[in-house]
Amino acid sequence: MIVQPYRPVTYTIGSVSSSGMQMPMSSGMQGMQGMQGMGSMPPQVSSGSPMTPGGVVVQNPPQQFEQSYIENIFRLNLGKVGTFYFTYENNKEWNAKVYKGVLEAAGRDHIIISDPVTGQRTVLLMIYFDYATFDEPLTYQYPGVIGNPPTTRNCR
């Protein structure tokens with residue numbers, strides 16, 4: 001194994017003179033530069049869109065796809081009937097439960113399903129979620145790919 005010697009580097013704050021040497025910045029100049037930077041900061045925009053120094057809000061182009069997180073996959077498939085498997089550790093009454101129902105809503109930490117017969121709605125926490133199965137093709141968009149893959153496969 002080759003051991004490289006440690007060579008610390010010191011960086012200085014300042015401007016480069018015409019001779020190529022760095023000139024250190026005085027403390028008075030540093031304070032002035034910091035004050036100038038504070039005044040040019042644009043105000044916050046509630047939509048999260050960037051803003052130009054002149055105060056014009058720049059609209060971001062709409063995203064063509066959602067990132068591949070489970071809640072986004074569920075949101076793409078609202079209204080479909082699925083079977084959802086959950087595990088509740090350290091529960092003496094029931095360790096694992098299976099729920100079947102129509103996927104009505106999906107949040108970051110929960111889903112809401114409903115029984116198609118009774119209409120009863122159940123809120124399920126994603127912290128206990130294991131996996132889900134569906135009897136129909138799912139809508140799925142992988143990041144960077146627009147559209148869905150073919151629903152049929154050549155299996156032998």
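Author: Start with a term: buried means under 20% relative accessible area, exposed over 50%, and partly exposed in between (1.4 Å probe, protein chains only). The model is predicted, so local features need pLDDT of at least 70 and side-chain atom pairs 80 or more, while totals for chains, interfaces and linings use all residues. Numbering runs from 1 along each chain as its sequence is written, and side-chain values use heavy atoms, without hydrogens or water.

Reader: Which Met does Ile-111 touch?

Author: Leave out residues up to four places away in sequence. Ile-111 then touches Phe-74, Phe-84, Phe-86, Leu-103, Ala-105, Ala-106, Thr-122, Val-123, Leu-124 and, lastly, Met-126.

Reader: How are the rings of Phe-74 and Phe-84 arranged?

Author: The whole structure holds 9 aromatic pairs (Phe, Tyr or six-membered Trp rings, centres within 6.5 Å; planes under 30 degrees apart are stacked, over 60 edge-to-face, the rest tilted). In this pair the centres are 5.8 Å apart and the planes meet at 75°, so the arrangement is edge-to-face.

Reader: How far apart in sequence are the parts that this pair ties together?

Author: Phe-74 sits in helix H2 (residues 70-76), and Phe-84 sits in strand S3. Both are buried, Phe-74 at 3% relative accessible area and Phe-84 at 0%. The parts tied together are separated by 10 residues.

Reader: How many residues apart are Tyr-85 and Tyr-131?

Author: Their rings are stacked, 4.3 Å centre to centre with 15° between the planes. Tyr-85 is partly exposed at 23%, and Tyr-131 is partly exposed at 44%. The pair links distant parts of the chain, strand S3 and strand S7, and the separation is 46 residues.

Reader: Is Asn-90 buried or exposed?

Author: Asn-90 is found in the loop between S3 and S4. Its phi is positive, about 60°, although it is not a glycine. Most residues other than glycine have a negative phi. With a relative accessible area of 80%, Asn-90 is exposed.

Terms used: Contact = heavy atoms within 4.5 Å. Helix = DSSP H or I, 4+ residues; strand = E, 2+ residues; numbered from the N terminus.
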